[in-house]
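This report covers overall build first, then the nonpolar cores.

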Amino acid sequence: MRDVAAWERVPDRPARYAAFPATLDARLKQALKVRGIDELYTHQAAAIEVVARGQNPVVVTSTASGKTLCYNLPVLNTLLHDRKANALYLFPTKVLAHDQLVTLNELISDLGQPIAAIGPIAVQAYDGDTSREKRKAARSAGGVLITNPDMLHTGILPHHTQWAAFFQSLRYIVVDELHTYRGIFGSHFANVIRRLKRICHFYGSQPQFILSSATIANPQQLAGRLIEEDVTLIDDDGAPRGEKHWILINPPLIDPAIGQRRSVILHSRDLAARCLQADVQTIVFARARLTTEVLLTYLREAIASDGGDPSKVHGYRGGYLAEERRTIEKGLRDGSIRGVVSTNALELGVDIGQLDVAVLAGYPGTIASTLQQAGRAGRRSNISAALIVASASPLDQFIVTHPRYFFERSPEHGLVAPDNLIILTNHLKCATFELPFEAGEKFGRFQQTDELLEALVEEGILHKQAAPKPALPDRYFWMSDQYPANGLSLRTGTADTIVILDRSEGRGRSIGQIDRESAQTHVHAGAIYIHEGQSFLVEKLDWDNGQAFVTPAQVDYYTEASTSTAVDVETEEQSEELGATIKGVGEVRVSWLTTGFRKIKLYTHETLGWGEIALPEQEMHTTAYWFCVEPALADRLIDEGVIFTPNDYGPDWDRIRNEILERDGHRCRKCGAGEPPGRTHDVHHLRPFREFGYRRGVNDNDKIANAPENLLTLCRACHHRVETAVGVRGALSGLSHVLGEIAPLYLMCDPRDIGVLAEARSAFTELPTLTIFDRVPAGIGFSQELFDLHDQLLTSAREIVANCRCESGCPACVGPMSPAEAASESGLNVKVLTLKLLKALVQ
């Protein structure tokens, strides 16, 4: 109990009912009564009535409130009377789509009709797991087609001529889990809807939309932005709610001086193990796929050591094969699987039975995601519990130390940018491939379509055909041999994925896949890839052909990669001087290189060794917000030692550096690697140069610091590791740590949606600068919002650092103190330095 930061009991709530709407077919009423449903919840009845009026409803109610009937009933009501009518169901994941396929077929079965394609109302799934034979049947069956945005994007819209009959009679488009369509995925999805509506118009149909969502702050606005039509909000939730206990848990401090807490993974494992040992069916949510597999390994071992059956606990995440996922889902529903450790892949509304406890290993990043994950427990009317175990990050610590913020704050806004130039242009290419554009034709509500089409003509991608008659418009045709949708991902911004092949079985068996951006840090050569608790050693990453080759490995460690990032400002769109800072926002180029990895021992988390990663540098163009310290203050803070400037190694440094490189044969003294093409190795000071106190024109301490015995040649990867181990951080790095954690609270986004970089001297501002950038090509709007929130961000950062109880910095404020800082004789205290900087910036 001493670790419980807050305990909130949410009482149960009775259901509120409404009579069946008069427009509902008697056969559907009878099928519902067979299921024991004599009345509908108020929101279900309201949805049917809104659809009957020809409007587009968006239903926003709690988890397990029966939203499925809000679209299944009106769709079936129409299909029972018009056997030529069709409906398209869109779910964000294949998992959820197949779950809803079963649910809809069961309802049709209760009507007394044969299931799926053999009956009058056909229901077909169409996705990457659908066989060739079933795909052909789906195209001709009509009825209800269940798919996901990715398959609609690549497998249906580009081949719409094969679906002509389906589109001609398309009456409904169902969009479930609306709240997931935000950020880059939502921006892509909005353009897919533009393409879909364009094709429907071509075939003479004007389908009605039915949308449903978990609780978010702006469902009506988001729905309208995605479908570009008026929507009717239904948020009067009539479903019952079981009693729920929300428990916020803060693992104990191990070393208060440095703010070190017990591992969130180990603490979550212990809580989940206690639940499972009591035969309480439990789901554990982890923030990342690696954490999921490590936590699964720990939990299975804990169950086995207590005499339990570890096979009753499984992992679940993206990258698992379809058969694995469905076996796990079935086991959760029938109770044969008692526990599951999942990423947010199970956050959505897949029916996985009556789980009793949800353990969240770390705050998910948004209130909306937290509500969804916690809602996986107690999905009926039973008592349930949601345990949120805080990590040591400032975001998690802010939540557990300000519980009212969590319990009283409204969920986040869903933000999309359909007119993001890169996203829009890519979908304009796809749309032109599908149907030629006419001059003056709009693409959704976007007004400058002709300008983009002309630019694509100049690039040779499109061909402009002059109108044969003055009264007719010019037309734009697709010219390239390439198939544009196939190279455009809706979810990652990368073109494709890496397939993971187990080479222990002949030519290689596919055990999963991973997007290219994640592949750099998860399946590089030498990485340990964990799948369903089994460790695999990555022998080779074939970047060009999109394949990672792995073999099973019995190891007691996992791997963690490190990445170096650089930001170059290309265009400053706005700037403003505010007291001690100068803030700016604009377009930037972000480049990053995955340089190396470390091997981390299970349980103790000690570093066992290092490895080098040789992958090409990646880059993207996006938007960023930055601020720098005004010149006079920067000079004073540098003189006071609050901000460190890049080292001036003295007038003879170039000569000395070249001599050391020659002495060491241009090879890394740690790993022996030669210099890569186009880049020389680095020269490293064994004792940090800053400790010698060199000042140009004042002393000659550079000669002592640059003595050959204090210098050695290192490759970039080894240099990065050594600098991390022995380097001393300053106030800027401390500030970047806390801002990177609290900015998502104000943006209402996932922490992984942004990146943060601290520079002692920016090439653009020539001053100490901190930059926060959108992790989305061309940006999604976060940077402008941060620019506007500048003062609030700095004020909150000062409050967090000042109120933290640690002495010298910890994960909950400016980041943990490194071993080098702890052993340093300089007396530098990053927390003290960061607080001095914040006091100077925030008056």
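How many helices and strands does the protein chain have? Its secondary structure comes to 27 helices and 34 strands; these are DSSP runs, with helices (H or I) of at least four residues and strands (E) of at least two, numbered from the N terminus. The radius of gyration, taken over C-alpha atoms, is 29 Å, close to the 28 Å of the globule rule for 843 residues, so the chain is as compact as a globular protein of that length. The rule is 2.2 Å times the number of residues to the power 0.38.

This is a predicted model: local features need pLDDT of at least 70, side-chain atom pairs count only at pLDDT 80 or more, and totals for chains, interfaces and linings use all residues. Residues are numbered from 1 along each chain as its sequence is written, and side-chain values use heavy atoms, without hydrogens and water.

A nonpolar core is a set of buried Ala, Val, Leu, Ile, Met, Phe, Trp, Tyr and Cys residues joined through side-chain atoms within 4.5 Å. Buried means under 20% relative accessible area (1.4 Å probe, protein chains only). Of the 843 residues, 56% are buried. Two cores are listed here.

| Core | Residues | Members include |
|---|---|---|
| Largest | 82 residues | Leu735, Leu739, Leu837, Leu841 |
| Second, separate | 41 residues | Leu88, Tyr126, Phe209, Leu490 |

In the largest core, the four leucines Leu735, Leu739, Leu837 and Leu841 touch the most other members. Helix H23 (residues 731–747) gives the largest share, nine residues. Leu837 is in contact (heavy atoms within 4.5 Å) with Val629, Leu637, Val642, Ile643, Ala731, Leu732 and Leu735, leaving aside neighbours within four places in sequence.

Technical notes
Buried means under 20% relative accessible area, exposed over 50%, partly exposed in between (1.4 Å probe, protein chains only).
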